[in-house]
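Biologist: Can you walk me through this one? I'm new to reading structures.
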Amino acid sequence: MKKVLLIIVAILVVVVGGFTVFVLVSWDKQYEAEYPGITASTDSAMIARGKYLAYGPAHCVICHSSIEKIEDVAAGKDVPMTGGMEFDIPPGIFRTPNLTPDPETGIGKLTDGEIARALRYSVNHMNKLMVPFMPFQELSDEDLTAIISFLRSQEPVNHEVKPSEYTFLGKAVVAFGLIKPEGPKKTPPVSVAIDTTADYGAYLANSVANCVGCHTERDMKTGEFIGPVFAGGMKFEPDAFSKGFSFISPNITPDKETGSMTGWDEPLFVDRFRAGRLLPGSPMPWESFARMNDSDLKALFRYLASLGPVQNKIEKTVFNPGENFPD
Ligand code: HEC
Ligand code: HEC
């Protein structure tokens, strides 16, 4: 009996040990991806476009500054993108880098190609994978150029941010290839006509502002979409930012019965975005979105109104601290 037990324990030790060794030696992979042919420009219209995107619809500033500055974003201030925000999630602690042009601690040492590749292919300047926080793979070449041109034009700020750290779980997920660098799903456009059309709204909602990424039900381990797009249902567990509240995103398709915008017209939609954050702790980056211009908001409204209605009842979107999600 004792001998059998010993053998079982020995097998377990070998299996667990082998698994651990495999994860530890293979998680820290180098990835390859092409460098998009993007060169920053010093043209003032280009820089202004990049700044609008970074503070507004693309909301870079929400993650690449500190939570204490979020009110300043809402107030329309040029909050410096010095990084340092921490996302403490099961795969690791992910920290946003300093995006000001400081040569020591910021993007001053990165080439345009490295920054462009990070955004388009999720491979950072060290050739390492980046976990999918930034769904900007299909930004147009022109907008990618505008954003990088703006980043280069900022005042450099010396601010050291510690690198991200993976937990063992995170390392295992990467070692087994469950997370891989995301590239574009279709060829990104060279440029997109900026207008109040539903077409431009589609670009904003899917490739710039990530409305689709939060308003679609997803598998929380892999990030895959498991529900109809824009029909809501993504769950947000309580975290440091949410003040203990948890959230489920509403259905923003134009379904008369279950859509959260039933009865909204264009002016009301614009006003709702102008009002900014109403619910403390909501993950939606309202502070940045409140800075979107009327033309972009109209385009978004027209696009959402043009979607096929999806019946998906989301009973409740906000849950008090300690309250559980429904099954
Ligand atoms: C939802 C949060 C979030 C948003 C929004 C966001 N970022 Fe990031 N960003 C991160 C995180 C987290 C990392 C670090 C990822 C890691 O360590 O794996 C990062 C890393 C980066 C890097 C580092 C690349 C490198 O080589 O080290 C760049 C450049 C960057 N972001 C630019 C941007 C720009 C430009 C925008 C807006 C268009 C943006 N980010 C929006 C969270 C965000
Ligand atoms: C990071 C996740 C996230 C992103 C990105 C996001 N949303 Fe939301 N959204 C939510 C959550 C969660 C709620 C429910 C809490 C709230 O109302 O703030 C919500 C609420 C809403 C509401 C209902 C507001 C109300 O007062 O009834 C609308 C409309 C909406 N989102 C539209 C959009 C559009 C359009 C975009 C893209 C421009 C977008 N969202 C991007 C997570 C997100």
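Biologist: Which protein donors hold the iron atom of ligand 1?
Modeller: The protein donors are His64, through NE2, and Met134, through SD. They lie 2.0 to 2.1 Å from the iron atom. Donors are N, O and S atoms within 2.8 Å of the metal (3.2 Å for Na, K and Ca); water is not among the atoms, so sites may look incomplete. One caution: this is a predicted model, so local features need pLDDT of at least 70 and side-chain atom pairs pLDDT 80 or more, while totals for chains, interfaces and linings use all residues. Residues are numbered from 1 along each chain as written, chains are lettered from A and ligands numbered from 1 in written order, and side-chain values use heavy atoms, leaving out hydrogens and water.
Biologist: What arrangement do the 6 donor atoms around the iron atom of ligand 1 make?
Modeller: Octahedral, because their angles run from 86 to 180 degrees. Six donors count as octahedral if opposite donors are over 155 degrees apart and all others between 65 and 115. Ideal angles for six octahedral donors are 90 or 180 degrees.
Biologist: Where do His64 and Met134 lie in the chain?
Modeller: His64 is in the loop between α3 (60-63) and α4 (70-74). Met134 is in the loop between α5 (112-121) and α6 (141-153). So the pair ties together parts 70 residues apart in sequence. Helices (H or I, at least four residues) and strands (E, at least two) are DSSP runs, numbered from the N terminus.
Biologist: Is His64 buried or exposed?
Modeller: His64 counts as buried, at 8% relative accessibility. Met134 counts as partly exposed, at 25%. Buried means under 20% relative accessible area, exposed over 50%, partly exposed in between (1.4 Å probe, protein chains only).
Biologist: And which protein donors does the iron atom of ligand 2 have?
Modeller: His215 (NE2) and Met284 (SD), 2.0 to 2.1 Å from it. The 6 donor atoms subtend angles of 87 to 179 degrees, which makes this arrangement octahedral. His215 and Met284 are 69 residues apart, so to speak on distant parts of the chain. Both are buried.
Biologist: New topic. At what angle do α5 and α6 pack?
Modeller: About 125 degrees, with their axes 10 Å apart. Axes are lines fitted to C-alpha atoms, for helices over the stretch in contact, and angles run from 0 to 180 degrees between N-to-C directions. α5 and α6 are therefore oblique to each other. Angles under 35 degrees count as roughly parallel, over 145 as roughly antiparallel, 65 to 115 as roughly perpendicular and the rest as oblique.

Technical notes. Tetrahedral: all angles 85-135°; square planar, octahedral: opposite > 155°, others 65-115°.
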